[in-house]
Amino acid sequence: GCQNCKQLDLDGYGSCEMVLGWGWTGEVCKQISGCGAGDDEPWFYEDRHTCMTRCEFDYDGDRIINVPEDFLLIQEGINAAIEGDTVLVASWIYQENINFNGKNIVVQGEDPQTTIIDGNQNGSVVIFESGEDATAVLTGFTLTNGSSSQGGGIYCQNQSTPTLSNVTITGNTASSSGGGIYCDDNSDPTL
């Protein structure tokens, strides 16, 4: 658990809509509103980053991070995740490019037909480049509109071996190799 934070009750501060700050719910930092913090005031933080730094990084994994409920962007959810976490992504079109950054986590879309990551012609849509293993899972997405020299849809390198399931890769381009997917340097994803 979290040694630096007190678990707060989201509904325990009255029905007022005044933002009290960011607090630890036992699994994630959330913005909490109410009429007043009372004795819990020291356990509220000014922003999400401070709360995460004090609370979430002490957490021991296996939690669910919801996008866009907890974080607006998929990459923000990945950044907050630690080994063993799952980032659950609601159906929507997300214009972003994501990088697992070496984290062995699950990033799961609600439905591959309606949960779309649009790379906005701004590089590979998804990158595995830090030795992620088979427990780094991408599932339930359509990846589209990526554009890179290699791996417009997915780019894997540095012995990354992620698991890709229920993923549609379409409408991506590469100027050199692998418009859909490109793997280099002993990378071997499971499809």
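A salt bridge, as the term is used here, is a side-chain nitrogen of Lys or Arg within 4 Å of a carboxyl oxygen of Asp or Glu.

Some ground rules for reading on. This is a predicted model, in which local features need pLDDT of at least 70 and side-chain atom pairs count only at pLDDT 80 or more, while totals for chains, interfaces and linings use all residues. Residues are numbered from 1 along each chain as its sequence is written, and side-chain values use heavy atoms, with hydrogens and water left out.

## Salt bridges

How many salt bridges does the rule give? The count comes to three. The table lists the pairs.

| Asp40 | Lys6 | 2.5 Å |

For solvent cover, buried means under 20% relative accessible area, exposed over 50%, and partly exposed in between, with a 1.4 Å probe and protein chains only.

Since Glu69 lies in the loop between strand E3 (64–67) and helix H2 (74–80) and Lys30 in strand E2, the pair ties together parts that are 39 residues apart in sequence. Glu69 counts as exposed at 57% relative accessibility, whereas Lys30 is buried, with a relative accessible area of 19%.

Asp70 is buried, its relative accessible area being 3%.

The side chains of Lys6 and Asp40 also meet in a salt bridge. Lys6 sits in the segment before E1 and Asp40 in the loop between E2 and H1, so this contact ties together parts that are 34 residues apart in sequence. Lys6 counts as partly exposed at 36% relative accessibility, and Asp40 counts as buried at 14%.

## Cysteines

Next come the cysteines. A disulfide is a pair of cysteine sulfur atoms within 2.5 Å, and the structure holds two disulfides.

Cys16 and Cys35 form a disulfide with their sulfur atoms 2.0 Å apart. Cys16 lies in the segment before strand E1 (18–24) and Cys35 in the loop between strand E2 (29–34) and helix H1 (48–54), so the pair ties together parts that are 19 residues apart in sequence. The link of Cys16 and Cys35 is right-handed, with 90 degrees about the S-S bond. Cys16 counts as partly exposed at 36% relative accessibility, and Cys35 counts as partly exposed at 41%.

Another disulfide joins Cys29 to Cys51, with an S to S distance of 2.2 Å. The pair links distant parts of the chain, Cys29 in strand E2 and Cys51 in helix H1, 22 residues apart. The link of Cys29 and Cys51 is left-handed, with -85 degrees about the S-S bond. Both Cys29 and Cys51 are buried.

Cys156 is in no disulfide; its nearest cysteine sulfur, that of Cys183, is 3.9 Å away. Cys156 is buried, with a relative accessible area of 0%, while Cys183 counts as partly exposed at 32% relative accessibility.

## A parallel sheet

In general, strands of a sheet pair through backbone hydrogen bonds, either parallel or antiparallel. Two strands are taken to pair if DSSP finds at least two bridges between them. Four strands form an open sheet here in the order E6-E9-E12-E15, and the pairing is parallel. The edge strands are E6 (98–99) and E15, each of which pairs on one side only. Strand E12 (residues 154–156) runs parallel to E15 and is joined to it by three bridges. Tyr155 stands opposite Tyr182 in E15.

Ile181 lies in strand E15 (residues 181–183) and is partly exposed, with a relative accessible area of 31%.

Technical notes
Helix = DSSP H or I, 4+ residues; strand = E, 2+ residues; numbered from the N terminus.
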